[in-house]
Amino acid sequence: MVRTGAFGALAKKHQEQLMSLAREVSFAIDERIFNEGAKADHFWIIHTGTVALDVHVPGRRAAVIETLGAGELLGWSWLVPPHHWHLGAQATSPVRAYEFDAAAVSELCGKDPELRQELLVYVAAVIAGRLRSARVRLLDLYAPYGAGEVP
C-alpha cells in the first residue's frame with residue numbers, strides 16, 4: 001500500500017478504500033499521459049518513475065513547470081469543474097502508477113464525508129504547490145534578469 005504523498009495524508013481506512021479502486025498502469029519514457037485542455041477523468045499516484053508537468057506557452061515550446069516522482073499525485077483537474085486538465089503531463093522515465101477513475105472516487109467520497117474532506121484538503125495543498133511552482137518557473141523562464149524573488 002502507498003503510504004507517502006496523497007495516501008500518507010489519509011487515515012488508514014481511507015487509504016484502503018481508495019486502494020480498492022486502484023488499477024496498476026505503466027507509461028513508457030516520453031509517453032504523453034494527458035494534454036492541457038483535454039477531459040480529466042482519472043488521476044494517478046506515481047509508484048516509480050518521473051513525470052514532467054508542462055504548460056502550453058503560445059509561440060514557444062511547452063514550459064516544464066514541475067517534475068513529479070514516487071508517491072506524488074498526478075492530476076487534480078478531475079476534482080474541479082469543468083474537469084479539463086489545467087496542465088499537460090509526460091513521462092520522463094518509465095513510470096508505474098496507481099490509476100483511479102474519478103467518477104468512482106467521487107462516488108466513494110459522496111458516501112464518506114470524512115474521506116471527501118481529507119482528499120479535498122490534500123488536493124488543495126497540491127494545487128497551491130503547483131501554482132507556486134508554475135509562477136516560479138515562468139518567472140525563471142520569461143521575466144527580465146534581476147526581476148526579483150517570488151515572495
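The tour goes from a sheet to a helix and then to a single residue.

This is a predicted model, in which local features need pLDDT of at least 70 and side-chain atom pairs count only at pLDDT 80 or more, while totals for chains, interfaces and linings use all residues. Residues are numbered from 1 along each chain as its sequence is written, and side-chain values use heavy atoms, with hydrogens and water left out.

**The sheet.** Select β1, β8, β3 and β6: in that order they form an open sheet of four strands with antiparallel pairing. Strands are DSSP runs (E, at least two residues), numbered from the N terminus, and two strands pair if DSSP finds at least two bridges between them. The edge strands, β1 (23–27) and β6 (73–74), each pair on one side only.

**The β3 and β8 pair.** Select residues 42–48 and 95–101: these antiparallel strands, β3 and β8, are joined by six bridges. Phe43 has Phe100 in β8 as its bridge partner.

**The helix.** Next, select residues 102–111, which form helix α3 (helices are DSSP runs of H or I, at least four residues). Helix α3 lies across β3 and β8 and runs at about 55 degrees to β8; axes are lines fitted to C-alpha atoms, for helices over the stretch in contact (heavy atoms within 4.5 Å), and angles run from 0 to 180 degrees between N-to-C directions.

**Glu99.** Finally, select Glu99, in strand β8. Is Glu99 buried or exposed? Glu99 is buried, because its relative accessible area is 11%, and buried means under 20% (1.4 Å probe, protein chains only). The side chain of Glu99 makes polar contacts with the side chains of Arg23 (2.5 Å) and Trp44 (3.0 Å). A polar contact is a pair of N or O atoms within 3.5 Å; within protein, one must be able to donate a hydrogen and the other to accept it, and residues adjacent in sequence count only if both atoms are side-chain atoms.

Note on methods. Buried < 20%, exposed > 50% of the residue type's maximum accessible area, 1.4 Å probe, protein only.
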